[in-house]
Amino acid sequence: MSENLRIRPYARLITMLGEQLIKDNIIALTEIIKNSYDADASQVKVDFVNFSDNYEAGKNAKIIIQDDGVGMDEDILRNHWLNPATPIKASLKKNNRGRTVKGRIIQGEKGIGRFAVFKLGKCVKVITRKQSVDKNGVLIDEGEKNEYVLDYDFSNYDENFMTAEDSQGLFLDELNVKFDVLNIDGGNRKYNFKHGTVIEISELEGEWSEKLVKKFHKEIQYLQPIFEHNAKPNFNIQIFRNGKIDSLIEKDYVDKLENCLYSKSVFQITNGFCDIEKQIVEYNINKKNERINFADFFTSAAKKFFEELSKEKRKLQCGSFRFVFYCFDLDGKSDTKYFLDKEQKQIIKQHRIYLYRDGIRVMPYGDPQDDWLQIDIKRGTSKAGGFFSNDQLVGCVYITQKDNERLRDKTNREGLIEEGNALNDFVQMIQIILAHIKVKYYDAYKIDKKRKEEQKIVNQNPLKLIGRFREEYKDDQTVKKILNDFETNYKKERSILDDRIAKTEDLAAVGLSVETASHDMMLVMQKVRKEIDDLMMNIRLRTFDGFDEVFSTVEHIQENLTFIANSLKDLQILFPSSKLHKHAVSVTDSVNRIASLYKRSYDEKNIKIEIENSEESFWVISTDAVLFQTFINLFDNALYWINFKDITDRRVKIVFDVKHKKVIFADSGRGIFEDAEPYIFEAFYSGKGEDGRGLGLYIARQLLDRFGFSINLLKEDKILSGANFVIDFSGEGDNHDGE
């Protein structure tokens, strides 16, 4: 015989929804305040009653939260407030009526946030009076005639709602909550308010302190955005202690923060908007408008992400969002505009990038300890220089429930639910935008700063100072001897350091070249190993068709091993020992050998290599290594910048100008954006982002310069649409001897 049973939760569910689910007292208090926001309150007062000066709870201590919102009537209290997981707010959102009378977007939807009060204490009293409306249904600043009181007293129960006499525990519907209706005309009123809600919490749980209340005070300061000019929060929260207002943060703290944001930030990225549907990002950077299509994001992080989307054949699951970022230079010198003193650095480091949904903060995003954008993870697992540090950034990202339905709060109010790909896509897009700003703007700023510092050093060159002192003390033989000794020692030390720099550059060049050129060899080696394994297995199991099949397999292995051997032989040219003596080197032969080294990679990406005027001999006095390292870098860069999905003309073109001893190397890739042109030959500047070393072109120029050669960007008379470089060998021997 079957029967229908009912689910009947135990009363300890309240503990699980409140005390255990909510992490700490700060989140619990914030949840109560968010309910006041949904109730259209303009003012919220949080009063710590019977607390000491350092916020230690005394005897009969209470926390009282009072707002001037619309309040609740008997129906709401009976049918919604007393019932966990009430769907009323979720229903309003679903029916597109999720706005309050003041036009606020309703924040809550799960119907359990109210149980955060039981994280704070075991006795809770709710006193509420509903706001009145006129005959047209418009709210007026008066309340209805009745006040309603709900009185929870769970002080006699343990956390499982059991008593010493009862080891079974109560069911949720066995809990008694006292309900009173008070007519305001009777004068029996504890709180004199026109309308709104008061929540008294006593029999407090957990420890309180001045440090904790200060932290809470700062948290609620940022419940609504404060990082934009002329922001006017319409929701004011005040902290009281024993009935008197208590400001726990400096009165000018917000002013100091805003001074840092608007006066000390290197870059102010404002009015940012990421349009997911149109696949466009727009923003103002230091008041200059920028607009970029998703397809034009050039960092390796962006490239990998969009390639994965394409392979998975899916669209972004997050919606559009707005953003504001402020970028700081924590290493700024005291004589620069962007210098931050110790106090200012401390203020900046107390903030991260906050997330706001419909004007209300999603906690804990923005806390100093939180890394919701995985910036520290990225810096730890990839090249740190490819990303801003968390300490450098302050800002806000703004989403709406309408555009981002899948970005929802976790039940415990600690961040967003990781549902499908929505959150990952959202975080990835923010990372891509930040990486773009870092590479395109901030890295250029750092190079400009370095150039200025280097120029100061040049202007204070010891040889110039020596010359000045010689002139000033030309008749003093003692000073003259000291200056001569100083000059001799300085030149010797400078020679040693120059030699060390040259050797370091040589070693770096070898490392970069081997890293890039050995990629194909590793792929071929893996194929060879697999072919050998398969051959051995077939021989062991006697499953091959005969001698011809075995011979064909061995022949293929031999071809691949020959390729590896030839490639390794070519790479030996790069080693420092090959740089010791210059000799006549064929430029055309060097280019052809490197082209063959990259042939497999280029064929795989459907990139053509076109070489013009290679019939004539083109020789220079140099070393094989210098030419190899220069052209390996150019071939490798071209492979990266051409290999974007939307680029259909996929070519590298090399033109030899034997008469003028020049080579033009051009590709049809993304090209070099105008702002980056002054920096591409600087050390550690790379448009690729976290995967770029920023050393290839820098080292190529340094090596060529030793032999009187040069490499420059060709801006006029380009032969292909992407990056065009001209390598000029006409000045050979003008500089150094190549030793």
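Ile239 touches Val46, Phe48, Tyr55, Val213, Phe216, His217, Ile220, Lys244, Ile245, Asp246 and Leu248, leaving aside residues up to four places away in sequence (contact means heavy atoms within 4.5 Å). This is a predicted model, where local features need pLDDT of at least 70, side-chain atom pairs count only at pLDDT 80 or more, and totals for chains, interfaces and linings use all residues. Numbering starts from 1 along each chain as its sequence is written, and side-chain values use heavy atoms, with hydrogens and water left out.

**The core**
- Ile239 is also among the residues with the most contacts inside the largest nonpolar core, along with Leu29, Ile33, Val46 and Phe48.
- That core has 50 residues (buried Ala, Val, Leu, Ile, Met, Phe, Trp, Tyr and Cys joined through side-chain atoms within 4.5 Å; buried means under 20% relative accessible area with a 1.4 Å probe, protein chains only).
- Helix H2 gives the most to this core, with seven residues.

**H2 against H6**
- H2 (residues 25–38) packs on H6 (residues 210–221) at about 40°, with axes 10 Å apart (axes are lines fitted to C-alpha atoms over the stretch in contact, and angles run from 0 to 180 degrees between N-to-C directions; helices are DSSP H or I runs of at least four residues, numbered from the N terminus).
- On the H2 side, Asn25, Ile26, Leu29, Thr30 and Ile33 meet Leu212, Lys215, Phe216, Glu219 and Ile220 of H6.

**H18**
- Buried residues of H18 (residues 696–706) are Gly696, Leu697, Ile699, Ala700, Leu703, Leu704 and Arg706.
- Gly708 follows H18, and its phi is positive, near 80°.

Technical notes:
Helix = DSSP H or I, 4+ residues; strand = E, 2+ residues; numbered from the N terminus.
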